[in-house]
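The sequence and the coordinates are displayed first.

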Amino acid sequence: MSIWWSLHLRREAASVPLARRLLLDSMNTAGVDPDISYDLSVALSEACANAVEHGGDAEPGPHCAAYRVTAYLDGDTCRIEVTDSGPGFPPVRRRGAGRAVAHLRESGRGLCLIEQLADHVHFRNRPGRGAVVSFDKILKWREGALLPAS
């Protein structure tokens, strides 16, 4: 089974619950375990909130007024990407054995939450074109799911 969708959303707070609801409804229809769906929906909400808050360019224009969310349910994995056109991620200061100090700041906690909720997470900058947050999680299925992985 494979399902994918992509949204081009305005950088407005109202877009965050829209993306979250579409993801939850898609996974519910497919028969994904509710706990897995919830984890992914919280991670998606954090990624979208970051795109809304930080994903624009200093110069106004249509390129910075939107961001993109793409979700793939493919076999037993769900992969989500949130792409914006902002300045990208700042360099991360490290402490000790490579541990980031993001938890000590007011901002950056959402990225840590995404890392806790997903199985694999990638943050990358696209020089001059914004940032991409991508994450995936192995799916578990409800008993009697209509669209289980094959």
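Which strands does helix H3 (residues 109-117) lie across? Helix H3 lies across E6 and E7 and runs at about 140° to E6. Axes here are lines fitted to C-alpha atoms, for helices over the stretch in contact, and angles run from 0 to 180 degrees between N-to-C directions.

**Basis of the description**

This is a predicted model, in which local features need pLDDT of at least 70 and side-chain atom pairs count only at pLDDT 80 or more, while totals for chains, interfaces and linings use all residues. Residues are numbered from 1 along each chain as its sequence is written, and side-chain values use heavy atoms, with hydrogens and water left out.

**Overall architecture**

The protein chain has three helices and seven strands. Helices (H or I, at least four residues) and strands (E, at least two) are DSSP runs, numbered from the N terminus. Read from the N terminus, the order of elements is β-α-α-β-β-β-β-α-β-β. Of the 150 residues in the protein chain, 40% are buried; buried means under 20% relative accessible area, exposed over 50%, and partly exposed in between (1.4 Å probe, protein chains only). The protein chain exposes about 8700 Å², of which carbon and sulfur atoms supply 53%. Accessible areas come from the Shrake-Rupley method with a 1.4 Å probe, and for residues only the protein chains shown count as cover. Among contacts in the protein chain with a separation of 6 or more, 66% are between residues 24 or more positions apart, where contact means heavy atoms within 4.5 Å.

**The open sheet**

Five strands form an open sheet in the order E1-E2-E3-E7-E6, with antiparallel pairing. The edge strands are E1 and strand E6 (120-126), each of which pairs on one side only. Neighbouring strands of this sheet are turned by 10° against each other on average, direction ignored. Two strands count as paired if DSSP finds at least two bridges between them. E1 and E2 are joined by nine bridges, and E2 and E3 by seven; both pairs run antiparallel. E2 and E3 form a hairpin with two residues between them, and Gly75 in the turn has a positive phi of about 65°.

| Residue | Stands opposite |
|---|---|
| Trp5 | Ala71 in E2 |
| Leu73 | Cys78 in E3 |
| Val69 | Val82 in E3 |

H2 packs on the sheet and touches E2, E3 and strand E7 (130-138); the direction of H2 makes about 175° with that of E7.

**Helix H1**

At 1.5 Å a residue, the 16 residues of helix H1 (residues 15-30) should span 22 Å, and the end C-alpha atoms of H1 are 23 Å apart, which agrees. The expected span is 1.5 Å times one less than the number of residues. The buried residues of H1 are Ser15, Val16, Ala19, Leu23, Leu24, Ser26, Met27 and Ala30. An α-helix has 3.6 residues a turn, so residues three or four places apart point the same way. The buried residues of H1 pack against strand E1 (2-10), helix H2 (34-54), strand E2 (66-74) and strand E3 (77-83). Just after H1, Gly31 takes a positive phi of about 100°.

**Selected residues**

Thr70 is placed in strand E2 and counts as buried because its relative accessibility is 8%. The side chain of Thr70 makes a polar contact with the side chain of Ser6 at 3.0 Å. A polar contact is a pair of N or O atoms within 3.5 Å; within protein, one must be able to donate a hydrogen and the other to accept it, and residues adjacent in sequence count only if both atoms are side-chain atoms. Leaving aside neighbours within four places in sequence, Thr70 is in contact with Trp4, Trp5, Ser6, Arg79, Ile80 and Glu81.

Ala71 also lies in strand E2 and, at 1% relative accessibility, counts as buried. Not counting residues up to four places away in sequence, Ala71 touches Ile3, Trp4, Trp5, Leu23, Arg79 and Ile80. The C-alpha atoms of Ala71 and Asp136, 65 residues apart along the chain, are separated by 9.5 Å.

A polar atom of the Lys137 side chain lies 2.9 Å from the backbone oxygen of Leu117. Beyond residues up to four places away in sequence, Lys137 touches residues including Ile36, Asp39, Leu40, Cys78 and Asp119.
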